[in-house]
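Visitor: I have a structure open here and would like to go through how its parts pack. Could you take me through it?

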Amino acid sequence: MNIFDVAGPITLGPSSSHTAGIIRIGNIFRKLIKGNLRRVDITFYGSLAETFFGHRSHLAIMGGILGFKESDERVKNSFKYAKDKGLIFNFDVDREFNPPHPVSLKIEGESDLERLEVLGVSPGGGVAEIRKLWGFPVVIRSGTNTVLVLHRDTPGLLSKIAGRVFAFGINIGTAHLTRLKRGGDAILVLELDDPIDERLVRVIERIEGVTRVRTVESV
Amino acid sequence: MNSIEEIVKEAESSSFFDVVLKKNSELTGKTPDDTVEFFKKIWFTMKDSLRRALSPEFKSSAILVKGDGKRFLGSEGLFLSPVVKKAVGYAMVIGEANASMCRIVAFPTAGASGTVPGVLIAYQEEFGERDERMIEGLVVASGVGAVIGNRATLSGAEGGCQAECGAAAAMAAAALVHLNNGSPSMIQHAVAIALKNIMGLVCDPVAGLVEVPCIKRNAMAASLAFLSSELALSGIKSVIPADEVIDAMGNVGRKLPEELRETALGGVAATPTGRRIAKKLTRMRNKFLKNSKSD
Ligand code: SF4
């Protein structure tokens, strides 16, 4: 721990795990879903199912989904902004589900282009993590530059993707490849040391076998 | 950033502030100028949070306590000196702003975010110190906070309120000693005294809200910072060195049962009144869930 870890974050109260971290989960979700958002369904899990209301985590997640940052006081009125945009939203709690962390939630979203479901975790200190995406167990962490590549599990694809990233002079910090079954869909999660170049995204998209590319820049 | 004693030793030929800055550069690769720039933003955000929370336009959305800080600031002075009174009032005002979902600086946490700015802003107003010096005070406070975080914890869920409001009191006390040109070893004694005096304080937020007892705990921590720094500045020493007190605090925190670590199951949260409030909040939550469907 250094002194930057002690001072801050600059954030909305009342609790970094129930506000800042939750807002960042919403920010990442907004980056992941394409198109105009029409509807979101949010389910709180674990202890969050009990504590979300007092900590205004419902306002926090809505603000995050609208793209407001963790220090933006518009979050306090996020329901009003959502209604003005015509966004349909529902909130629920699920105490049966056993979440990966006590402060967890699910977002199911629908835009004019696609549907997306993610599982978000706020482990503390204002950090956010996405733990499930496109049906795959993943770890996408706030504060990183992450590229997500959905593709068909084919030999040699990983080295092709890595080669393209390398050609852009960007270093790959960590890489995680997950597939549900051999030859089926697989997801590659790359954390990069430098900000993502939009051209790189288009280059990866053109690789044969790649079906979808999304990026999350350090929020 | 693992030992107060180590910082004090190195500070013999410079100052506590310089050593923290230097150590942090080694740790993070950030230049001292970058670090000061970072803390400048922290400082002005603190002042901005307070200014907006004091303005007539401020709307509290705290659920359990409203307006205590402002009311206290408007009340007549009795026992506390003007700077302590102001600091205590400011700490509560910021505590309430935090509970109202306003923008604050978590320092070291959101729950304890009133203490350090309350103390330092009141100090600047009463003693007319320059912003550059106040920023030095924040760096000193953060150095102390980092040592507490590294040797023990800064989280109420891990170590009780001694780790949040207690740490904030020790951090503010260190800054006050630095601002009064106290020696590095006086900083270490102020830290030790503050933490010894709050050893074992539990985390017991009523209904899980960061309001009761949190807002008034910030007031207490602010006053403890003045007490500890003035004792140390008068030359009084702590028999137990700061690092050992911090280790003891960490051990005590680990021994606290889970009920007393932010779960809202013990302490004042578990009193009949605390439980009643929790039930009421559950009813409010259920009503929200029923009405939250927009289709
Ligand atoms: S009682 Fe708990 S939640 Fe409240 S300020 Fe202390 S540590 Fe934070």
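Guide: This is a predicted model. Domain 1 of chain A and domain 2 of chain A bury about 1300 Å² between them, with 68% of that area on carbon and sulfur atoms.

Visitor: Where are the bounds of those domains in chain A?

Guide: Domain 1 covers 3-141 and domain 2 covers 145-216.

Visitor: How far apart do the C-alpha centres of the two domains lie?

Guide: The C-alpha centres of domain 1 and domain 2 of chain A are 25 Å apart. To the contact, domain 1 contributes 14 residues and domain 2 contributes 15 residues.

Visitor: Turning to chain B, at what angle do the axes of H5 and H6 cross?

Guide: The axes of helix H5 (residues 82-99) and helix H6 (residues 115-127) of chain B cross at roughly 140 degrees and come within 7 Å. H5(B) is therefore oblique to H6(B). The crossing of H5(B) past H6(B) is right-handed.

Visitor: Which residues make that contact?

Guide: Among them are B:Tyr90 and B:Ile94 of H5(B), and B:Ile121 and B:Phe127 of H6(B). By class, the contact of H5(B) with H6(B) has twelve nonpolar, two polar and three charged residues.

Visitor: And what about H7 and H12 of chain B?

Guide: Helix H7 (residues 131-151) and helix H12 (residues 242-255) of chain B have axes that come within 9 Å and cross at roughly 50 degrees, so H7(B) and H12(B) are oblique to each other. B:Val147, B:Ile148 and B:Arg151 of H7(B) meet B:Asp243, B:Ile246, B:Asp247 and B:Met249 of H12(B). Four residues of this contact are nonpolar, none is polar and three are charged.

Terms used. Residues are numbered from 1 along each chain as its sequence is written. Chains are lettered from A and ligands numbered from 1 in the order in which they are written. This is a predicted model: local features need pLDDT of at least 70, side-chain atom pairs count only at pLDDT 80 or more; totals for chains, interfaces and linings use all residues. Side-chain values use heavy atoms; hydrogens and water are left out. Axes are lines fitted to C-alpha atoms, for helices over the stretch in contact, and angles run from 0 to 180 degrees between N-to-C directions. Helices (H or I, at least four residues) and strands (E, at least two) are DSSP runs, numbered from the N terminus. Angles under 35 degrees count as roughly parallel, over 145 as roughly antiparallel, 65 to 115 as roughly perpendicular and the rest as oblique. Contact means heavy atoms within 4.5 Å. Ala, Val, Leu, Ile, Met, Phe, Trp, Tyr, Cys and Pro count as nonpolar, Asp, Glu, Lys and Arg as charged, and the others, Gly among them, as polar. Domain bounds come from an automatic or database domain assignment. Buried area is the accessible area (1.4 Å probe) that two parts lose on being put together, summed over both. A crossing is left-handed if the near helix is turned anticlockwise from the far one by less than a right angle, and right-handed if clockwise.
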